[in-house]
Amino acid sequence: MKYLGLIWSALYRKPLRSFLTLASIFVAFLLFGLLQSVSVAFSEGVDFSGVDRLIIAPKYSIIDPLPENHAVAINAITGVELVSHRSWFGGVYQDTSQFFPRWPVPPESFLAMYPEYLLTDAEKAAFVQTRTGAIIGRPLAETYNLKLGDKIPLIGDIWPNKDNTVWEFDLVGIYDVANESVETDQMFINFEFFDEYRQWSQGTVGNIVAKINNPDDSAAIAAEIDRLFANSSDETKTTTEKAYNQMFAKQVGDIGLIMTGILSAVFFTILLLTGNTMAQAIRERIPELAILKTIGFSNVSVLMIVLCEALLIVLVGSLPGLMLAAGLLTKFSQSVSVFNGVELSGFIVAQGVGLAFLMALIVGLPPALRAMRLNIVDALGDHQ
Amino acid sequence: MAETLIEIADIAKDYHRGKVAIPVLSEISLQIEKGDFLALMGPSGSGKTTLLNLIGGLDTPTSGSISIDGERIDKLTQGKLAAWRSRHVGFVFQFYNLLPVLTAEKNVELPLLLTNLNRKERKKRALAALAVVGLQDRASHRPTELSGGQEQRVAIARAIVSDPGLLVCDEPTGDLDRATADEILELLQLLNREYGKTIVMVTHDPKAADHANHCLYLDKGSLSGSQTA
């Protein structure tokens, strides 16, 4: 502890170099906190606790369709309060760069299922009653300068219509959302019109949503639903919305592997950078270290001082990085659905701190050993 | 009769360049009394600094023995030698060798970090040492904010802060102008006379050597003469 001032002073020796090193470590651990949390969230099992909405998806691939009448069978299960469904429309609005999710849904059950989409009664009624009706989030309407009554033309790239023409939907509602975690950049289309007018796959849906009476029964009902269709040609995989969103994101690739790859590259670079900086810093201080040994600091003391300097630099950079990651994840989990429930757990913080110690050891040990083995006479002789 | 502090008996020191041994000192025997102020002079490469390093416990002889205050330092392990230096020797170098990121007070305090003194006591002693060298008002200054003479005074304060009996000084005025050099030498004389420090000083400068009580001359690794003030 009495060496703390001596160790701390190393940070002030070259302020710009220290700042850049700390900044790079800060960014590395910020990325670690974010990516590792996402990776863990994506690899952990489905947690049904407290969940009152279940997503019933095709068992083998989310691009497989499910029969719409599965919804009827699910609705008959005891404990299921309400059933709705949604399908992926895809499509092109104006050009391929103008992307936002578009979902054909049955308006009545959808609005009952998702009260977090806020519409006026008139807009709700219009959505239910208008076969070509569509609703969009307010930010989306503002982005494209759309207002009620406008036509929204969409090219059906996945689902061409029977006339092979552009789909046209009437904007009948512009929704707000009840909380930040609900996405506002989506468009919902009347399923009935979509289903009748598409060229094929009538009577099928993308996935089914079931609202259950008692969240405590969610795991059991999920199992029952999957059991119900276990021997059918359209088996299901019932999961939570959070797990489904993550499953959706996983279509991009193996999220865990991607995160690990990115983190490995980041840490390898930081190790080289910090290691080089530490080695250079110690090289420049050979005479000072020789003086410490001259006045009686033992080899072990000098070794520990250099190692502690490395640890100090890594901790001063990494801990704020982890703290910011925790803050950002809290923010993201409230505002981005795919991050819903993703958090910087105590385990990941412990992993981060462990990684910081390991990093300090790797970058600090070679210069520390050099400092320990320093021959006073040679070091002072070179300097004198 | 004065008590002997340093007793050097027939020491030799070789350095090795590859497999070739290069003798630097040979057959050196001498005694230095407690409270003496000795100057070591000689041409470059004569072995002055090597002998000083052996006396200060920074290096060990190839053969022969060195006893300081009755302790055979040539027999000590590296760890024990480091601990011995911290208790018994203060070092002053030509280029001061202060840590640039530390204030004068913190530089002086460095040797006290190796003691069991608490923070308050360390500070008190560091300030007292700075007062001895006349720099109590520069305690919070960093080396870059001090003149060369002031830096050397801080280095001397660091050398005496743990109250060692022996000061070894390697060209302590080599980087200073004449007037400042004289001030430093007078300070060393003060430490010798008033505080009883035994001082061994390497110098090229005959005027610096004039401040010492004795002067020993080395040439080609051997003692070649002596002079008493």
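Analyst: B:E105 is buried, with a relative accessibility of 11%. Buried means under 20% relative accessible area, exposed over 50%, and partly exposed in between (1.4 Å probe, protein chains only). This is a predicted model, so local features need pLDDT of at least 70 and side-chain atom pairs pLDDT 80 or more, while totals for chains, interfaces and linings use all residues. Residues are numbered from 1 along each chain as its sequence is written, chains are lettered from A and ligands numbered from 1 in the order written, and side-chain values use heavy atoms, without hydrogens and water.

The partner of B:E105 is B:K123: their side chains form a salt bridge, 3.4 Å from N to O. B:E105 sits in helix α3 (residues 104–109) of chain B and B:K123 in helix α4 (residues 119–132) of chain B, so the pair ties together parts that are 18 residues apart in sequence. Helices (H or I, at least four residues) and strands (E, at least two) are DSSP runs, numbered from the N terminus. A salt bridge needs a side-chain nitrogen of Lys or Arg within 4 Å of a carboxyl oxygen of Asp or Glu. B:K123 is partly exposed, at 39% relative accessibility.

Other salt bridges in chain B follow. B:R178 pairs with B:D205, and the closest N and O atoms are 2.8 Å apart. B:R178 belongs to helix α6 (residues 178–193) of chain B, and B:D205 to the loop between β8 (198–202) and α7 (206–209) of chain B, so this pair links parts 27 residues apart in sequence. B:R178 is partly exposed, with a relative accessible area of 33%. In chain A, shared partners join A:R13, A:R285, A:E288 and A:E309 into one network of salt bridges.

B:E3 and B:K34 form a salt bridge too, with 3.4 Å between the closest N and O atoms. B:E3 lies in the segment before β1 (4–17) of chain B, and B:K34 in the loop between β2 (20–33) and β3 (37–41) of chain B, so parts 31 residues apart in sequence are tied together. B:E3 is partly exposed at 48% relative accessibility, and B:K34 is partly exposed at 35%.

Now a helix of chain B. Seven of the eight residues of helix α1 (residues 48–55) of chain B are buried, so the rest of the structure largely encloses it. Among the buried residues are B:L51, B:L52 and B:I55. B:G57 follows α1(B) and has a positive phi, near 75°.

Over all chains, the whole structure holds 26 salt bridges. Between chain A and chain B the count is zero. The contact (heavy atoms within 4.5 Å) involves 20 residues from chain A and 24 residues from chain B. The area buried there is about 2,100 Å², with 67% from carbon and sulfur atoms. Buried area is the accessible area (1.4 Å probe) that two parts lose on being put together, summed over both.

Two residue pairs make polar contacts across this interface, both at pLDDT 80 or more. On the chain A side, α11 (286–294) and α14 (376–383) are the elements that give two or more residues. The largest share, five residues, comes from α11(A). The chain A side divides into 10 nonpolar, six polar and four charged residues. A polar contact is a pair of N or O atoms within 3.5 Å; within protein, one must be able to donate a hydrogen and the other to accept it, and residues adjacent in sequence count only if both atoms are side-chain atoms. Ala, Val, Leu, Ile, Met, Phe, Trp, Tyr, Cys and Pro count as nonpolar, Asp, Glu, Lys and Arg as charged, and the others, Gly among them, as polar.
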